[in-house]
Amino acid sequence: MMSKDYRYVKMITSVRWTKLRKRKINSNPICEICNDNGIITPAEEVHHISPVEDAVSTDEMERLMFDYNNLQSLCHDCHINEHARRKSHSRKEVEQRAHKSTERFIKKFL
């Protein structure tokens, strides 16, 4: 699998993301998917509903990354299932993200 886009890594490791993630978990400490199914499970992870990696521009990446309304508090299992359901780690998806990353580079520098 290809490595994550450097802009994504920079954002996901930022203090701004850490604070937003903590705020989301504190506001929604129960897994939202489990809760919708009548199950109470502690949320351990924060999931981006609209994937940040799908953004075409750096500005759009930032908007998706830090948009509180684009976040879901999930348990680990639901988070894995969401990515599996969306096939976000499939070869095709990884290649599409690499293509979008190239488009962002071209748009910014060429």
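Biologist: Which helix does Phe 109 lie in?
Modeller: Phe 109 lies in helix H6, which covers residues 91–109. One thing to keep in mind: this is a predicted model.
Biologist: Why does Phe 109 count as partly exposed?
Modeller: Its relative accessibility is 47%.
Biologist: Which residues form a nonpolar patch on the surface?
Modeller: Phe 109 is one of them, along with Tyr 6, Ile 106 and Leu 110. Together they have about 480 Å² of accessible area.
Biologist: Let's go inside. How many residues has the largest nonpolar core?
Modeller: The largest nonpolar core has 14 residues. Trp 17, Val 52, Met 61, Met 65 and Phe 66 have the most contacts inside it.
Biologist: Which elements give two or more residues to this core?
Modeller: Helix H1 (6–12), helix H2 (15–27) and H4 do. H4 gives the most, with four residues.
Biologist: What lies apart from that core?
Modeller: Another core, of five residues. Cys 31, Cys 34, Leu 74 and Cys 75 are among them.
Biologist: Back to Trp 17. What does Trp 17 touch, leaving out residues up to four places away in sequence?
Modeller: Trp 17 touches Met 11, Ile 12, Val 46, His 48, Met 65, Phe 66 and Leu 71.
Biologist: Now Arg 63. Where is Arg 63 found?
Modeller: Arg 63 is in helix H4, residues 58–66.
Biologist: Why does Arg 63 count as partly exposed?
Modeller: Because its relative accessibility is 48%.
Biologist: How far apart in space are Arg 63 and Val 52?
Modeller: They are 8.5 Å apart, C-alpha to C-alpha. In sequence, eleven residues separate the positions of Arg 63 and Val 52.
Biologist: Zoom out for me. How many helices and strands are there in the protein?
Modeller: Six helices and two strands. From the N terminus, the order is α-α-α-β-α-β-α-α.
Biologist: What share of the residues is buried?
Modeller: Buried residues make up 35% of the 110 residues.

How values were computed
Residues are numbered from 1 along each chain as its sequence is written. This is a predicted model: local features need pLDDT of at least 70, side-chain atom pairs count only at pLDDT 80 or more; totals for chains, interfaces and linings use all residues. Side-chain values use heavy atoms; hydrogens and water are left out. Buried means under 20% relative accessible area, exposed over 50%, partly exposed in between (1.4 Å probe, protein chains only). Patches are made of residues with over 30% relative accessible area and no salt bridge: like charges are joined within 9 Å, nonpolar side chains (Val, Leu, Ile, Met, Phe, Trp, Tyr) within 5 Å. Accessible areas come from the Shrake-Rupley method with a 1.4 Å probe; for residues, only the protein chains shown count as cover. A salt bridge is a side-chain nitrogen of Lys or Arg within 4 Å of a carboxyl oxygen of Asp or Glu. A nonpolar core is a set of buried Ala, Val, Leu, Ile, Met, Phe, Trp, Tyr and Cys residues joined through side-chain atoms within 4.5 Å. Contact means heavy atoms within 4.5 Å.
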